[in-house]
Amino acid sequence: MDSAATHCPYCALQCGMTVTTGPGAAKPEVAPREFPTNRGGLCQKGWTSAELLHHPERLTTPLLHGEPVSWETALGHIADRLTALRAAHGPDSVAVFGGGGLTNEKAYLLGKFARVALGTSQVDYNGRFCMSSAAAAGSRAFGLDRGLPFPVTDLDVADVVVLAGANVAETMPPFVSHLRGARQVVIDPRYSATARAAVEAGGLHLRPAPGSDLALALGMLHIAVAEGHLDTAYVAERTTGFDAAWRLAAGWWPERAERVTGVSVADQRAVVRLLASARRRYLLTARGVEQSAHGVDTVSAWINLTLALGMPGTPGSGFGTITGQGNGQGGREHGQKADQLPGYRRIDDPAARAHVAGVWGVPPESLPGPGRSAVELLDALGQAGGPKALLVFGSNLVVSAPDAGAVRTRLESLDLLVVADLFLSETARMADVVLPVAQWAEEEGTMTNLEGRVLRRRRALAPPEGVRTDLQVLSGLVAGLFPALDGGFPPDAFPEQPEVVFEELRRASAGGPADYSGISYARLDSGEALYWPCPAVPDGVTPHPGTPRLFLDRFAHPDGFARFIPVEYTGPAERPDAEFPLWATTGRVLAHYQSGAQTRRVPELAAIEPESFVEVDPDTAGRAGLVDGAPARVVSRRGVATAVVRYVSGLRPDTLFLPFHFGAEQTANLVTNPALDPISRMPEFKACAVRLEPA
């Protein structure tokens, strides 16, 4: 039997696992291995991940209008249609949509393909729905965005950990092992599995109204300052902007915060005192507070609280944000975002454009400028002046995007929709062309986990006959669009080999905020734990060891100081009223992942959660004429999602919860609000006004 030491294909914890194949194994098998993030453990999703490798629904041949065709026919059709559309309507008539599960190599080459081969500015990815608010807040406060600026194992010795909008017990269960020594505080409208575990261990659960987290953070900052917990020396020596931030927070007496959020003054005060008195303390945010039309300001408010208490950049303490998707960190660093070039460079920075253009061998002025963000891009599809073709890699937009009914309408209006996927997902079913691509255990590459550590994904088995890797797909598309005989790109411009792509990525990232230039496959394969930034050094000099802990000496702004950001609470984009009297919020559950396109096809996982449900307080359900287990309709201004009622004691009576893993009429995003954060362009998944009624 053969085995490969690799990592789980799901969340950003990137648990270490071994995949075993060969004559002695009837089918590929996975087993956990010792690795710092998971310590030999796996969740149900990880244990069952090999079930998809030989799944009967696996795509193994390209489809053109639903019919099997050869690769040559499929790629030729795409090339002909793209050539015609670009000639008639310009390069921005073609758009590209990527994903946070793509390897670093794929994300890098996808961005290069869009900007160099297609010449389009219209490229973004589904990480816009996940990490964009946290990334923007971290960048403006610290000068750099790395989700956890410290190894996750630093949490092992924490005295206090506050989790704001995070349900790690279900979204990444092995993470919980790092919290067991700490007093935990969970901030979540739901009495989630994480909240339950915290309370049972003697911690606290705060239940703010959906969309009110910013007000809660302002109230806590007021308590910190008014009750003498401000770390004045730290604020003076390591930060700027406190006075401006305090002028706004000064008006947020904790009693005012209680009226807005529903969280008692006593609980607010208890959390601040816990953080202020502990020696080793951390505050971590996740999607619950970030997926908001004011998500950047909300994260900034929590950062302000930690700065006031002297936490970021202090050994044994800190602020971090929990990245969700498998390569949600690396995927937002190397160029598949609308405003970004590799190495976390800004596409509107002339120096960045010159550097990357030099690596790519093109004039800087040939690179397009910033494009539309994800929701704006989807909304423009098929419209006057918008893209007429869309190429999708690693995303299931019909389920995962907000206001999913409108997204479906926009996809239907396209002249050409191409989807590269493992299965016939809800989005792939709509495509003109579907391209079957390799899975995680069938390819080489690198991933960057939630703590900024770069990891090797290793191939354990060959993909099925007829299946290609995403890198091969991109290379084939370029060859079809620009035949060598017509003066096309040189053969090495869009390589198929992951290590060759990574070597180019190293050069492109050199000198950027996310500098990978000192990282190589050889160093990773030797077992080195390398966290970016890890710059290259001259020959003969000891290689850079990487940077597991950021900000210990200075922050990444040119002056070395962290920034307090003045923020004010304005509330969600829409509020409950007589017609829609309840809040709806969405999230993940233990058995499923993202849009469910993979986990719904695993029998063991589908048996646990076979259909969508709506969590509701029993009294709230009763007022709607519903009982536990009854079919229900959740109705918003945008659409209707159907789900089975699930009684949950401990949920706020004004709040419903829907998991977002299900398709068709059970799609939670049929009701969510596409209102956008003005900075990050993150849609407001976590708060919309709805009513509950019998189905």
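## The lining of the largest pocket

In this predicted model, the residues lining the largest pocket divide into eight nonpolar, seven polar and eight charged. The lining has 23 residues, and those nearest the pocket's centre are Ser139, Lys337, Asp339, Tyr344 and Arg346. The pocket itself has a volume of about 520 Å³.

Which elements give two or more residues to this lining? They are helix 4 (132-142), strand 15 (345-346) and helix 14 (350-360). Helix 4 gives the most, with four residues.

Leu391 stands opposite Val418 of strand 17.

Another open sheet is formed by three strands in the order 1-2-3, with antiparallel pairing. Here strand 1 (2-7) and strand 3 (29-32) stand at the edges, and each has a single partner strand, so one side of each is left without a neighbour in the sheet. On average, neighbouring strands of this sheet are turned by 25 degrees against each other, direction ignored.

Strand 1 and strand 2 (residues 16-21) pair in the antiparallel sense over six bridges. In this pairing, His7 stands opposite Gly16 of strand 2.

How many of the five residues of strand 20 (residues 453-457) are buried? The count is five of five, so the strand is mostly covered, buried here being under 20% relative accessible area. Arg453, Leu455 and Arg457 point one way from strand 20, Val454 and Arg456 point the other way, and all are buried.

Strand 20 has antiparallel pairings with strand 19 and with strand 21. Four bridges join strand 19 (residues 445-448) to strand 20, and Gly445 has Arg457 as its bridge partner. These two strands form a hairpin with four residues between them, in which Gly452 takes a positive phi near 80 degrees. Two bridges join strand 20 to strand 21 (residues 530-531), and here the bridge partner of Arg453 is Tyr531.

## The hairpin of strands 28 and 29, with Asn673

Strand 28 (residues 673-676) pairs with strand 29 (residues 683-684) in the antiparallel sense, over two bridges. The two form a hairpin with six residues between them, and in the turn Arg681 has a positive phi of about 65 degrees.

Asn673 lies in strand 28, and its bridge partner in strand 29 is Glu684. Is Asn673 buried or exposed? At 9% relative accessibility, Asn673 counts as buried. Leaving aside residues up to four places away in sequence, Asn673 touches Pro402, Ala573, Glu574, Arg638, Pro683, Glu684 and Cys688. Asn673 and Cys8 are 665 residues apart along the chain, and their C-alpha atoms are separated by 32 Å.

## Ala195 in helix 6

Ala195 has its place in helix 6 (residues 193-200). Ala195 is buried, with a relative accessible area of 0%. Which residues does Ala195 touch, not counting those up to four places away in sequence? They are Val186, Arg190 and His205.

Definitions and conventions:
Residues are numbered from 1 along each chain as its sequence is written. This is a predicted model: local features need pLDDT of at least 70, side-chain atom pairs count only at pLDDT 80 or more; totals for chains, interfaces and linings use all residues. Side-chain values use heavy atoms; hydrogens and water are left out. Two strands pair if DSSP finds at least two bridges between them. Axes are lines fitted to C-alpha atoms, for helices over the stretch in contact, and angles run from 0 to 180 degrees between N-to-C directions. On a 1 Å grid over the protein atoms alone, a cavity is a set of points where a 1.4 Å probe fits but cannot get out, and a pocket is an open set with protein on both sides within 12 Å along at least five of seven lines; lining residues have an atom within 4 Å of a point. Grid points are joined across faces, edges and corners, and a volume is the space filled by probe spheres set on the points. Ala, Val, Leu, Ile, Met, Phe, Trp, Tyr, Cys and Pro count as nonpolar, Asp, Glu, Lys and Arg as charged, and the others, Gly among them, as polar. Buried means under 20% relative accessible area, exposed over 50%, partly exposed in between (1.4 Å probe, protein chains only). Contact means heavy atoms within 4.5 Å.
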